[in-house]
Amino acid sequence: SLQAPLWFALLVAIAFSGLHYIASPFIIEWFHKIEWVAPETVDPGVASLIRSVCHECGLNEPRFGIIRDGNPNAFTFGHHPGNARVVVTTGLLEVCDADQRRAVIAHEMGHVVHWDFVVMTIAATVPLILYYIYRFGIRAGRGSRRSGGAALLVAIAAFIAYVISQYIVLLLSRVREYYADHFAAVTTRDPNALATGLVKIAYGLARSRPPAER
């Protein structure tokens, strides 16, 4: 029947997203070769900011890691705020001054406070579900004369919704970045430090690319 394949599509998509959600932090740790250190050994100001945010928001302090990479970058990952990880590259520590480092870390802490790991995982599951419905709808439409027309209509609608949802996820990702920017600006009371720090990061990443790609 048409219903069984569609339900199976939902289960496959949810199972795949759940597996990705569980495994991705371990894959990131393995791929990037992160060195876990006490933030005080890197920058006392950064350590103070992390403790302050965690105290005010009732969170456990995230693990703090360094990647030996000249490209300036910082990111956060984990399953939930209770086991978050905040990672910076040596390139970021070199190009950013103390205020800019605090602002960038405050931005990353904003992602932790806002549960962005969970929010974006759930958001990314929606296009995946729609894509599986589309694929299974096409298969059901080809295999059944009685319900084939309905299945194809469902598949077409699912594909259109899939394309739209991809753009919505991109928009949501950008909105979450704005929220993290706002959090950093309010926390540090120095939005200019974040703005100039992000410019240095963007400029550093652009310089690391081959000339033809810049």
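The legends below describe close-up views of a predicted model. Local features are given where pLDDT is at least 70 and side-chain atom pairs only at pLDDT 80 or more, while totals for chains, interfaces and linings use all residues. Residues are numbered from 1 along each chain as its sequence is written, and side-chain values use heavy atoms, with hydrogens and water left out.

**View 1. Salt bridge between Arg85 and Glu29.** The closest N and O atoms of the two side chains are 3.0 Å apart. A salt bridge is counted when a side-chain nitrogen of Lys or Arg is within 4 Å of a carboxyl oxygen of Asp or Glu; the whole structure holds five. Arg85 belongs to strand S4 (residues 85–89) and Glu29 to helix H1 (residues 3–32), so this pair, 56 residues apart, links distant parts of the chain. Helices (H or I, at least four residues) and strands (E, at least two) are DSSP runs, numbered from the N terminus. Arg85 is buried at 7% relative accessible area, whereas Glu29 is partly exposed at 21%. Buried means under 20% relative accessible area, exposed means over 50%, and partly exposed lies in between (1.4 Å probe, protein chains only).

**View 2. Salt bridges of Glu40 with Arg51 and of Asp43 with Arg101.** The side chains of Glu40 and Arg51 meet at 2.6 Å, N to O. Glu40 lies in the loop between strand S1 (35–37) and helix H2 (44–57), and Arg51 lies in helix H2, so the bridge ties together parts that are 11 residues apart in sequence. Glu40 is partly exposed at 40%, and Arg51 is partly exposed at 35%. For Arg101 and Asp43, the N to O distance is 2.7 Å. Arg101 is in helix H4 (residues 98–113) and Asp43 is in the loop between S1 and H2, so this pair ties together parts that are 58 residues apart in sequence. Both Arg101 and Asp43 are buried.

**View 3. Aromatic cluster of Tyr131, Tyr132, Tyr134, Phe159 and Tyr162.** Ring pairs link these five residues. Rings of Phe, Tyr and Trp (its six-membered ring) pair if their centres lie within 6.5 Å; planes under 30 degrees apart count as stacked, over 60 as edge-to-face and the rest as tilted. The structure holds six aromatic pairs. One of them, Tyr131 with Tyr132, is edge-to-face, at 6.4 Å centre to centre and 80° between the planes. Tyr131 is partly exposed at 34% relative accessibility, as is Tyr132 at 22%. The Phe159 and Tyr162 rings are 6.2 Å apart at their centres with planes at 40°, so this pair is tilted. Phe159 and Tyr162 are three residues apart in helix H6, about one turn of the helix.

**View 4. Nonpolar surface patch that includes Phe159 and Ile160.** The patch covers about 920 Å² and is made by Leu153, Ile156, Phe159, Ile160, Val163, Ile164, Tyr167, Ile168 and Leu170. Patch residues have over 30% relative accessible area and no salt bridge; like charges are joined within 9 Å, and nonpolar side chains (Val, Leu, Ile, Met, Phe, Trp, Tyr) within 5 Å. Accessible areas come from the Shrake-Rupley method with a 1.4 Å probe, and for residues only the protein chains shown count as cover. Ile160 is found in helix H6 (residues 148–188) and is partly exposed at 48%. Phe159 is partly exposed at 37%.
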